[in-house]
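Hi everyone, thanks for making time this morning. Let me put the sequence and the structure up on the screen, and then we can walk through them together.

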Amino acid sequence: MTKPDMISCATALARLWAFIDGELEPASEAEVQAHLHVCRRCYPQFDFQHAYFQAMQRLASRPEPAGLRSATLSRIHAAG
Ligand SMILES: [Zn+2]
């Protein structure tokens, strides 16, 4: 599944958060995008992290009871 000009799964996964966050250089972003297009192993990771990122953004954009976010995060980390 890996072409010579394609980044490895490890590289793609290492860049995933920055990719979702829009922090990658255009070239790196394109590499991750190309990888996710063809790699069935990494795509579910991306899907999950993207959904998680969006959920965090929704939480951040509205008022919340004090401590809810850290309680949620520690629950997620405990489960992960
Ligand atoms: Zn992969």
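Let's start with a question: how many buried residues are there among the 12 residues of α5? The count is zero, and α5 is hardly covered. By buried I mean a residue with 20 or more other C-beta atoms within 10 Å of its own; exposed means 12 or fewer, partly exposed is in between, and the C-beta atoms are placed from the backbone.

Before going on, a word on what we are looking at. This is a predicted model, in which local features need pLDDT of at least 70 and side-chain atom pairs count only at pLDDT 80 or more, while totals for chains, interfaces and linings use all residues. Residues are numbered from 1 along each chain as its sequence is written.

Now the overall picture. The protein has five helices and zero strands, giving the pattern α-α-α-α-α along the sequence. Helices here are DSSP runs of H or I with at least four residues, strands are runs of E with at least two, and both are numbered from the N terminus.

As for its dimensions, the C-alpha trace spans about 50 × 25 × 15 Å along its principal axes. The radius of gyration is 15 Å, whereas a compact globule of 80 residues would come in near 12 Å. That radius is taken over C-alpha atoms, and the globule rule is 2.2 Å times the number of residues to the power 0.38. Buried residues make up 8% of the 80 residues.

How confident is the predictor? The average pLDDT, which is the confidence in each residue from 0 to 100, is 88, and 90% of the residues score at least 70.

The expected span is 1.5 Å times one less than the number of residues. Leu-68 is found in α5, and it counts as exposed because it has 10 C-beta neighbours inside 10 Å.

Leu-68 and Tyr-43 are 25 residues apart in sequence, and their C-alpha atoms are 29 Å apart in space. Tyr-43 takes us into helix α4, where this residue counts as partly exposed because it has 14 neighbours inside 10 Å. Helix α4 has 18 residues and reaches 25 Å, close to the 26 Å expected.

Cys-39 sits in the loop between α3 (26–38) and α4 (43–60). Its C-alpha is 9.8 Å from that of Ser-8, 31 residues away along the chain.

That's my tour, and I'm happy to take questions.

Definitions and conventions:
pLDDT = per-residue confidence, 0-100.
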